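Dear colleague,

Please find below the structure that I am handing over to you. My notes on what was found in it follow directly after it.

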Amino acid sequence: MNRYLAEFYKNDMKSNSEDLLSAILPLLKLLSLTVIGLFLAHPKTQIIPRATFKLLSKLVFALFLPCLIFTELGESITIDSIARWWFIPVNVLISTFVGCLLGLLVDIICRPPPEYKRFTIVMTAFGNTGNLCLAIVGSVCHTLNSPFGPHCHSRGVAYVSFAQWVAVILVYTLVYHMMEPPLQFYEVLEEGTEIEEQRPVNDISRPLLIEAEWPGIEEKETEHSKTPFIARIFNSISSRSTSTFPDIDINGDTSGSSPMSIRCLAEPRVVRKIRIVAEQTPIQHILQPPTIASLLAIIVGTVPQLKSYVFGYDAPLSFITDSLQIVAGAMVPSVMLILGGMLAEGPNDSKLGLRTTIGIIVARLLVLPLLGIGIVTLASKLDLLVADDAMYRFVLLLQYTTPSAILLGAIASLRSYAVREASALLFWQHLFALFSLSVYVVVYFKLLPAM
């Protein structure tokens with residue numbers, strides 16, 4: 001009996017050590033790449049200049065990531081799989097909603113400065129469901145004893161890519177307007193002139209964190225992107241301050257006889273205000289290279305005739321797909337090198353406050369993943385998930401585990417709202433995420449067999 005128990009204990013310890021090793025090794029690989037990037041970009045070494053990292057981020061955004069999405073998602077997706085994967089985009093919405101509730105809780109407990117209330121909620125709610133998840137999946141599947149079975153990498157990338165379009169729509173609609181500069185920070189000097197109390201950093205000193213996931217953001221600025229646009233429309237603002245906005249005749253002036261005036265005459269004020277806000281929403285920015293690659297992959301993957309020409313060993317265009325796969329192989333190391341370059345810059349000064357910064361980090365990196373485990377487990381018990389697919393559940397859990405999306409820094413810069421605070425918070429979140437992700441990935445590896 002004692003011999004049997006000793007043998008069982010020995011096998012159990014061996015199994016646990018193997019599970020622990022298989023969970024930690026992928027993260028050690030990513031951490032090594034991050035350290036290399038930090039060393040190359042550190043101000044004391046400056047082996048690679050900052051401009052090179054910006055160029056690398058543009059290559060990831062415009063080339064490496066779209067190639068990876070198209071080759072993996074296009075090969076994996078079918079009409080049937082779209083019906084089975086429906087919970088992936090829904091999970092993004094759920095994680096965002098739960099994150100908003102946590103952000104409100106952080107606001108109540110930590111009491112940030114009033115002008116950063118919406119910023120606190122946004123930075124708690126919206127996680128990095130793109131590049132970082134792809135890097136983790138790629139590293140996990142590169143391990144010899146991966147617990148996710150055959151076609152691990154293609155399935156994981158497909159699941160992550162299928163969720164990105166929802167996250168992108170949320171960022172360019174809801175987040176864009178939530179990151180609007182507070183109205184009290186603007187002072188009207190004279191007609192058509194505004195001054196902002198807190199100016200954004202200029203293009204030369206703009207942190208790499210700001211442009212890492214939206215290169216060339218300065219070219220996307222519009223007339224109203226740095227103004228409290230919604231507040232000026234929906235609040236009773238003086239005619240002097242509203243006169244700076246073209247085609248915003250919220251008082252319904254009927255002096256003109258143009259078709260536009262006739263249309264506005266019959267249009268209710270509230271409907272007109274909503275229409276003006278919708279017109280100023282940068283929905284066109286959704287069509288970025290990664291999103292276009294996702295759409296093309298879905299179209300090609302769901303049409304068997306097209307799929308047979310593009311994917312497969314005997315496909316006439318397989319040489320193009322193979323070339324794209326070679327290019328896509330540079331995505332994961334590039335992303336982690338860029339992350340190292342970001343961390344090398346160090347944090348900016350922030351007026352958010354230490355208590356609020358810690359509150360957001362704890363809520364985003366420690367509390368939200370625990371809630372995510374409960375949500376995904378409940379969904380599995382209710383048979384809402386793909387049966388017997390550990391990678392499917394792993395990707396769902398990762399959506400609750402990652403730090404705030406780096407794209408939020410770009411939106412902050414575009415809206416000229418809390419730019420330094422976003423840069424500092426993203427720095428500290430990604431720094432602590434190196435440890436929180438390690439812990440939770442180990443936990444997920446232990447829990448997945450029981451889900």
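A residue is called buried here when its relative accessible area is under 20%, exposed when that area is over 50%, and partly exposed in between. By that criterion, 52% of the 451 residues of the protein count as buried. Please keep in mind throughout that this is a predicted model.

Overall picture

The protein contains 20 helices and two strands. Among the contacts in the protein with a separation of 6 or more, 82% are accounted for by residues 24 or more positions apart.

The structure holds one disulfide. In this bond C141 is joined to C152, with an S to S distance of 1.9 Å. The torsion about the S-S bond of C141 and C152 is about -70°, and the disulfide is therefore left-handed. The pair links distant parts of the chain, since C141 belongs to helix 6 and C152 to helix 7, 11 residues apart.

How do helix 6 and helix 7 pack? Helix 6 (residues 131-141) and helix 7 (residues 152-178) meet at an angle of about 170°, and their axes are 9 Å apart. Because angles over 145 degrees count as roughly antiparallel, helix 6 is roughly antiparallel to helix 7. On the side of helix 6, the contact is made by C133, L134, V137, G138 and C141. Helix 7 contributes C152, H153, G156, V157, V160 and S161. The residues of this contact divide into seven nonpolar, four polar and no charged.

Helix 19 and the residue after it

Helix 19 (residues 407-415) is mostly covered, as nine of its nine residues are buried. These buried residues are L407, L408, G409, A410, I411, A412, S413, L414 and R415. Just after helix 19, S416 takes a positive phi of about 55°.

Two loop residues

Where is E115 found? E115 lies in the loop between helix 4 (87-110) and helix 5 (117-125). With a relative accessible area of 21%, E115 is partly exposed. E115 and Y417 are 302 residues apart along the chain, yet their C-alpha atoms are separated by 9.4 Å.

T45 is placed in the loop between helix 1 (2-41) and helix 2 (50-76). Is T45 buried or partly exposed? At 32% relative accessibility, T45 counts as partly exposed. Leaving aside residues up to four places away in sequence, T45 touches F39 and L40.

With kind regards

Definitions and conventions:
Residues numbered from 1 in each chain as written. Predicted model: local features only at pLDDT ≥ 70, side-chain atom pairs only at ≥ 80, totals over all residues. Heavy atoms only, no water. Axes fitted to C-alpha atoms, helices over the stretch in contact; angles between N-to-C directions. Helix = DSSP H or I, 4+ residues; strand = E, 2+ residues; numbered from the N terminus. Parallel < 35°, antiparallel > 145°, perpendicular 65-115°, else oblique. Contact = heavy atoms within 4.5 Å. Nonpolar A, V, L, I, M, F, W, Y, C, P; charged D, E, K, R; others polar. Buried < 20%, exposed > 50% of the residue type's maximum accessible area, 1.4 Å probe, protein only. Disulfide = S-S within 2.5 Å.
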